[in-house]
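Subject: Structure for your review

Dear colleague,

Please find the structure below, together with its sequence. I would be grateful if you would read the notes that follow with the model open.

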Amino acid sequence: MIDIPVKWAKSQSRLNGEAGRAFVAGLPDRAAHFLDLWGLRVTGPSMYGVCALVLPVERAGAGEGERTEERAVLKLQPLDDETAGEPVALTAWNGDGAVRLLEYDAETGTLLLERLEAARDLSGVEIREAVGVVAGLLARLTAAEAPAGLRRTLGDLAARMLDDVPVVVPLVADAGERRLLRDCAAALREVAGEPGDRLLHWDLHYENVLSGGREPWLAIDPKPLAGDPGFELLPALFNRFDASHVGWRFDLMTEVVGLDRERARAWTLGRVLQNGLWMRSVVPEHAAIARTLLGK
C-alpha cells in the first residue's frame, strides 16, 4: 500500500474529472509494479505537486564489495504532451543543472529520479541570490540544443497565440487589459519568425530548484519545449513578486544567460500574452511586468 494524500486526490478529481479519478485509482497497482520492477522500497511519506505523486524510495546496489542503498524518488504522473517531454529533457541534460533521470517507462510516464532535498528550495533564499541561482541554471540548461524527440516547440506556440489574439482578446472584459495584450502580441510578432532551438525548462521558478548532494542547486519538473531562452524569464519575475524588482531581475537574468535584451523582452511579453489568452484576463503581477518592459 502507498500513501495517497486525500487533498491531492481530490485535486486530481477537480482538475481532471473522470480521468483524474481513474489515474488516482490506478496508482497503488502502478506503484507496486514499478517498485518490484526497479527493486525499490518506499522509505517515507508521499509527496506531491500539481500533477504527480512522488514516493521517496531506495534500491539496493553494490559498491566495492559491500551493499549500498541508492536514494531516489519514484514519480507517478499522468502522461500528456508536457510530461512526455520530461524524460527527453532530463536525458539530454544528463544531470548538468537538473535532477538526474535514473529510469523511465514510456508507456505510463513513470520516472525514477535522484533524490534531492525536497524541503529546501529557493523560496526561502535571499531574493537576489535566488535570482542569480535561477539565471545560472538557465544559462546551463539552455546551452543544450533541443533534442529531436521533443515535440513541443516555441514556434508552434507563438503561431497559435498570434492566431488566437483576434478571437480571444475581444473577450477580455477590461479595456486596459485588452490594450496590454495587443501590445504584447505586437512585441511577439517581432520575434516569432525566429523561435530558437534551445532546450527550455519552461517552468523554472524558485520552488522548482532544490538543494542536492551532488550540486548545491538543481532544477526539477521541466515542462520542456524547443525555443528561445528569452521565453524562460517570466517565472522568476512573477514568483516572489515585487514590482520594484522587475527591472533588476530582468537585467540580471539577461546578463547571466547572455541574452539579447530586446529579444528577451519580446519573448517575456509573449509569455504574458500566453497566460492572458489562457485566462482571458491579465493578473496584476503580469500586467506590472509587461508595463515595466514596455516602458509604460
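Predicted model: local features only at pLDDT ≥ 70, side-chain atom pairs only at ≥ 80, totals over all residues.

Residues are numbered from 1 along each chain as its sequence is written, and side-chain values use heavy atoms, with hydrogens and water left out.

Pockets

A pocket here is an open set of points on a 1 Å grid over the protein atoms alone, where a 1.4 Å probe fits and protein lies on both sides within 12 Å along at least five of seven lines; lining residues have an atom within 4 Å of a point. A volume is the space filled by probe spheres set on the points, which are joined across faces, edges and corners. Helices (H or I, at least four residues) and strands (E, at least two) are DSSP runs, numbered from the N terminus.

The largest pocket has a volume of about 960 Å³. It is lined by 34 residues, and Y48, G49, N208, I220 and D221 are the closest to its centre. Elements that each supply at least two lining residues include β2 (47-48), β4 (66-76) and α3 (81-84); β7 gives the most, with 4 residues. By class, this lining has 15 nonpolar residues (Ala, Val, Leu, Ile, Met, Phe, Trp, Tyr, Cys and Pro), 13 charged (Asp, Glu, Lys and Arg) and 6 polar (the others, Gly among them).

D221, one of the residues closest to the centre of the largest pocket, lies in the loop between β10 (218-219) and β11 (225-227). D221 has a positive phi of about 55° although it is not a glycine. With a relative accessible area of 21%, D221 is partly exposed, a class that lies between buried (under 20%) and exposed (over 50%), using a 1.4 Å probe and protein chains only.

The second largest pocket has a volume of about 340 Å³. Its lining comprises 14 residues, with R152, L157, R160, Q274 and W278 nearest the centre. The lining divides into 7 charged, 5 nonpolar and 2 polar residues.

Helix α10

At its start, a side-chain oxygen of D260 reaches to within 3.1 Å of the backbone nitrogen of E262. Just after α10, R280 takes a positive phi of about 55°.

Individual residues

E58 is found in strand β3 (residues 53-63) and counts as buried at 15% relative accessibility. Its side chain makes a polar contact with the side chain of R41 at 2.8 Å; such a contact is a pair of N or O atoms within 3.5 Å, where one must be able to donate a hydrogen and the other to accept it, and residues adjacent in sequence count only if both atoms are side-chain atoms.

W202 is found in the loop between β8 (198-200) and β9 (209-211), and has a positive phi of about 85° although it is not a glycine.

The count of disulfides (pairs of cysteine sulfur atoms within 2.5 Å) comes to 0.

Yours sincerely
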